Amino acid sequence: MPESTPEQGSIEVAIPVIATLAAKAASEVKGVVALAGGMKDELAKLIGRESLSRSVKVREEGERTVSLDLHLIAAYKASLPGLSQKVSDRVRREVEALTQIKVGAVDVYIEDVSVPKEAHG
């Protein structure tokens, strides 16, 4: 996503950078246990590389605007609507502040809830 100014040249923020910033912001919200990912993401973690291919999807929506899908695992007993709103707000604020790119929709998908072992019995 390039931004040009005649005097300074252009700045381009790559889509994977936006995904990384969104993932970091989401993971810092109380009640988010982890970003959800598939088998490919788990394998990437084992070899020391973070993969966000399933956890965060970035869609370009036009000139300097993106929309985001975030897939996460919530903590047991977290208010899911409240958590989703907090994640959406935090991700939008962080990505816009750090990239100067407008964030349209932030869709949050709760893929699972992390239930402590003692809650199973």
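This is a predicted model: local features need pLDDT of at least 70, side-chain atom pairs count only at pLDDT 80 or more; totals for chains, interfaces and linings use all residues.
Start with the layout. The protein has four helices and six strands. Read from the N terminus, the order is β-β-α-β-α-β-β-α-β-α. Contacts next. Take those with a separation of 6 or more: 64% of them join residues 24 or more positions apart.

Now burial. The protein has 121 residues, and 33% of them count as buried. In soluble globular proteins, nonpolar side chains tend to be buried together. So let's look at the core here. The largest nonpolar core holds 25 residues. Which of them touch the most other members? Ile18, Leu68, Leu70, Val87 and Val91 do. Several elements supply at least two core residues each. Two of these are helices: H1, at 15-27, and H3, at 80-99. The others are strands: S3 at 32-35, S4 at 56-62, S5 at 65-75 and S6 at 102-114. Which element gives the most to this core? H1 does, with six residues.

The accessible surface comes to about 7,600 Å². Carbon and sulfur atoms account for 53% of that. There is also a nonpolar surface patch of about 270 Å². Four residues make it: Tyr76, Leu80, Val113 and Val115.

Pick out Leu80. Leu80 sits in helix H3, and H3 is one of the elements that supply the core. Is Leu80 buried or partly exposed? Partly exposed, because its relative accessible area is 32%, and buried would need under 20%. Patch residues need over 30%, and Leu80 has 32%.

That's the tour.

Technical notes: Residues are numbered from 1 along each chain as its sequence is written. Side-chain values use heavy atoms; hydrogens and water are left out. A nonpolar core is a set of buried Ala, Val, Leu, Ile, Met, Phe, Trp, Tyr and Cys residues joined through side-chain atoms within 4.5 Å. Buried means under 20% relative accessible area, exposed over 50%, partly exposed in between (1.4 Å probe, protein chains only). Patches are made of residues with over 30% relative accessible area and no salt bridge: like charges are joined within 9 Å, nonpolar side chains (Val, Leu, Ile, Met, Phe, Trp, Tyr) within 5 Å. Accessible areas come from the Shrake-Rupley method with a 1.4 Å probe; for residues, only the protein chains shown count as cover. A salt bridge is a side-chain nitrogen of Lys or Arg within 4 Å of a carboxyl oxygen of Asp or Glu. Contact means heavy atoms within 4.5 Å.
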